[in-house]
Amino acid sequence: MLAVSANDDTRTKFNDMKLGNKIAYLIFNIAGSDIVVEKDAKKTDLPEDYLDQFMADVKSSGQPRFSVLDWNHKLLFVSWVPDATASARNRMTFASVKEPFIQELVGIQHKLQATDDGELNREIIIAATKSTV
């Protein structure tokens, strides 16, 4: 198993998101042996319906990314590993650190793994975060 884990800033940003309710989503990348925050999107800087912006930001590099989305008062962990554009090495790296990273993020309520546009779209996100009350 790779020795890759969330750094202190990553854990702090996630806890701010979980407790402060001001961050719409976080996008993470792997840099060396650390999982780092690549983008921190605040709710005040986005339109009320920010799903399209979230999906565009996650997919923009064409490479694997982890993200956490605050939608419908639920925290959704998204693993974006595009089959078409990501190298085999990147896909394997992200796959091997995904579960340990999720365990570091205490409070994740739902998980979504996507490899193409059909698996990461508005309908799927809404269904994954639908209230069951």
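Which residue in β5 does V68 stand opposite? The residue is F77. What you're looking at is a predicted model, where local features need pLDDT of at least 70 and side-chain atom pairs count only at pLDDT 80 or more, while totals for chains, interfaces and linings use all residues. Residues are numbered from 1 along each chain as its sequence is written, and side-chain values use heavy atoms, with hydrogens and water left out.

**The sheet**

- Six strands make up an open sheet in the order β1-β3-β2-β4-β5-β6, with mixed pairing. (Strands are DSSP runs of E, at least two residues, and helices are runs of H or I, at least four residues, numbered from the N terminus; two strands pair if DSSP finds at least two bridges between them.)
- At the edges sit β1 (5-6) and β6 (110-114), each pairing on one side only.
- β4 and β5 run antiparallel, joined by seven bridges.
- Helix α1 lies across β1, β2, β3, β4 and β5, and runs at about 165° to β2. (Axes are lines fitted to C-alpha atoms, for helices over the stretch in contact, and angles run from 0 to 180 degrees between N-to-C directions.)

**The cores**

- The largest nonpolar core has 21 residues, and F28, V68, F77 and F101 have the most contacts inside it. (Such a core is a set of buried Ala, Val, Leu, Ile, Met, Phe, Trp, Tyr and Cys residues joined through side-chain atoms within 4.5 Å; buried means under 20% relative accessible area, exposed over 50%, and partly exposed in between, using a 1.4 Å probe and protein chains only.)
- α1 (8-20), β2 (23-31), β3 (34-42), β4 (65-71), β5 (74-80) and α3 (88-104) each supply at least two residues of this core.
- There's also a second, separate core of 19 residues, including A41, F54, V58 and W80.
- Leaving aside residues up to four places away in sequence, V68 touches F14, L26, F28, F77 and I108, among others. (Contact means heavy atoms within 4.5 Å.)

**Helix α3**

- Its 17 residues reach 25 Å from first C-alpha to last, close to the 24 Å expected at 1.5 Å a residue. (The expected span is 1.5 Å times one less than the number of residues.)
- α3 bends by about 40° at K98, and a proline, P100, follows within four residues. (The bend is the angle between axes fitted to the seven residues ending there and the seven starting there.)
- The buried residues of α3 are T93, F94, V97, K98, F101 and I102.
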